[in-house]
Amino acid sequence: MPRYRFAEPPARLITPKSVLLNRRSVMAGMGAAGLAAGLPRAGRADSLDAEPWPDSTDDTQTSYEVATGYNNFFEFGTSKEDPAEHAHRLETDPWSVEVSGHAHAPGEIGIEDILSDFDLEERVYRHRCVEAWSKVVPWIGFPLKDLLARFDPTSDAKYVEFETLYDPDQMPNQEGDDIDWPYREGLRMDEAMHPLTLLAVGMYGEVMPNQNGAPIRLVVPWKYGFKSIKSIVNIRLVSERPVSSWEARAPREYGFYANVNPEVRHPRWHQATERRLHDGGRIATEKFNGYGEEVAHLYEGMDLTENF
Ligand code: MTE
C-alpha cells in the first residue's frame, strides 16, 4: 500500500522572495500588532511564511488553477464552477471567530491575531471528496488544537461544532434551501485535538482564496472533503454530538464520522477508487486516506460500517 509520505521534505512552493521580504520588513517596522491593526488587506498577508511539515503526501500536487476553479461551496451555488465565479462577494476583512460553549475562557479572536499568533506550517494533504474525486493541495495552517487550547475547554467538551458565516447578501445561495444554513460540521473532541487536524488560512503559499474557504477553514485529512467546513465564524465546544449539515440533509448518505473508507459504499456511488483531478487518472482509495497509522486508534472497537 502506498502511503502518502515522503522521506525528504518536499520542495516548498516558495512565495516570491520580494513579497516575503517586504512583508517581513513591514512587520519589523510596525510590530505584529501594528500589522494586525493597521495594514490594508493587500498588505496583511499576500503571502504566508510557513514551515513545511514532514508528514504530508508526496503525491503530485493539483494545479492552483484546478484547486481554485473546481470547488464545492454551496453558499455560492451548487456547480463546481460557481464558487470561483461568485465567491469574490465574500468580505473577509474584518473577520473573527467566536469560540463558545464548554470552555473556561470563551471568547472571540480576529483573523489578524490568528495569523500573527499561531505558527503556520505547510502541509500537503490529499483531500478526497465524497463523489470520488481528489485534490492534492499544499495547505498553510496550524493545528486546530492550538486554537482550542487558548480557550481552555472544560471536561464537558466532548465534541466541537463549527459554523460558516450566514449572510445571504454575500452568499446568495443561502436564499435557497440546498442546505439548512448556516453550513455546520462537527468533530469528536479527540478528532479535533489530533495534530493532523488543521485550521487552514492559506494554500500554495498564498492567503486562502475565497472559493476555498477564506479566511479560515478546516482540513481533516483522513475524512471526506465535506467535513472541511469553510469560512468559519463559530466554534462551539459541546457535550452532545452535533448534526452536520449534510447529515441533516441526507442521513443515509452522509454520516457524522465521514472517514475515508473504500469499504463503505455511498448509496449512489462506490468509494473504492478516486479520480485525481490533476490528470484524471483513477487510483485505489486508501482507508483513512492513508493516515491509518495515525488515526485508526481513534475508532478502535467501533463498527465503521455503522458509524460511517
Ligand atoms: N464549507 C461550506 N461552508 N460550504 C460548502 O458547501 N463544501 C464541502 C467543504 N466545505 C462546503 C464546505 C465539500 S462538499 C467539499 S468536497 C469541500 O469543502 C471542498 O473543498 P475545496 O473546494 O477546497 O476543494
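How many residues surround the ligand, and which are the closest? In this predicted model, the ligand is surrounded by 17 residues. Phe74, Cys129, Lys135, Arg217 and Lys230 are the closest of these. By class, the shell around the ligand consists of 6 nonpolar, 7 polar and 4 charged residues.

An oxygen atom of the ligand lies 2.8 Å from a polar side-chain atom of Asn71. For Phe74, one of the closest residues of the shell, a backbone N or O atom is placed 2.7 Å from an oxygen atom of the ligand. A nitrogen atom of the ligand lies 2.8 Å from a backbone N or O atom of Ser228. The ligand taken alone exposes 530 Å², and 98% of that area is buried by the protein.

Two secondary-structure elements, β5 (133–143) and α8 (245–249), each contribute at least two residues to the lining of the largest pocket. This lining is made up of 11 nonpolar, 7 polar and 8 charged residues.

The second largest pocket contains about 180 Å³ of space. It is lined by 19 residues, and Tyr224, Asn259, Val264, Gln271 and Phe308 lie closest to its centre. The lining of the second largest pocket divides into 9 nonpolar, 7 polar and 3 charged residues.

Backbone geometry was also examined. The peptide bond from Asp93 to Pro94 adopts the cis form, with omega near 10 degrees. Pro94 is located in the loop between α4 (82–86) and β2 (96–101). Ala214 and Pro215 are likewise joined by a cis peptide bond, for which omega is about -5 degrees. Pro215 is found in the loop that connects β9 (206–207) with β10 (217–219). A positive phi of about 55 degrees is present at Asp152, although this residue is not a glycine. Asp152 is situated in the loop between α6 (144–151) and β6 (159–164).

Methods:
Residues numbered from 1 in each chain as written. Predicted model: local features only at pLDDT ≥ 70, side-chain atom pairs only at ≥ 80, totals over all residues. Heavy atoms only, no water. Near = heavy atom within 4 Å. Polar contact = N/O pair within 3.5 Å; in protein donor to acceptor, adjacent residues only side chain to side chain. Areas by Shrake-Rupley, 256 points an atom, 1.4 Å probe, with all protein chains shown as cover. Nonpolar A, V, L, I, M, F, W, Y, C, P; charged D, E, K, R; others polar. Helix = DSSP H or I, 4+ residues; strand = E, 2+ residues; numbered from the N terminus. 1 Å grid on protein atoms, 1.4 Å probe; cavity = no way out; pocket = protein on both sides within 12 Å on 5 of 7 lines; lining within 4 Å. Points joined across faces, edges and corners; volume = space filled by probe spheres on them.
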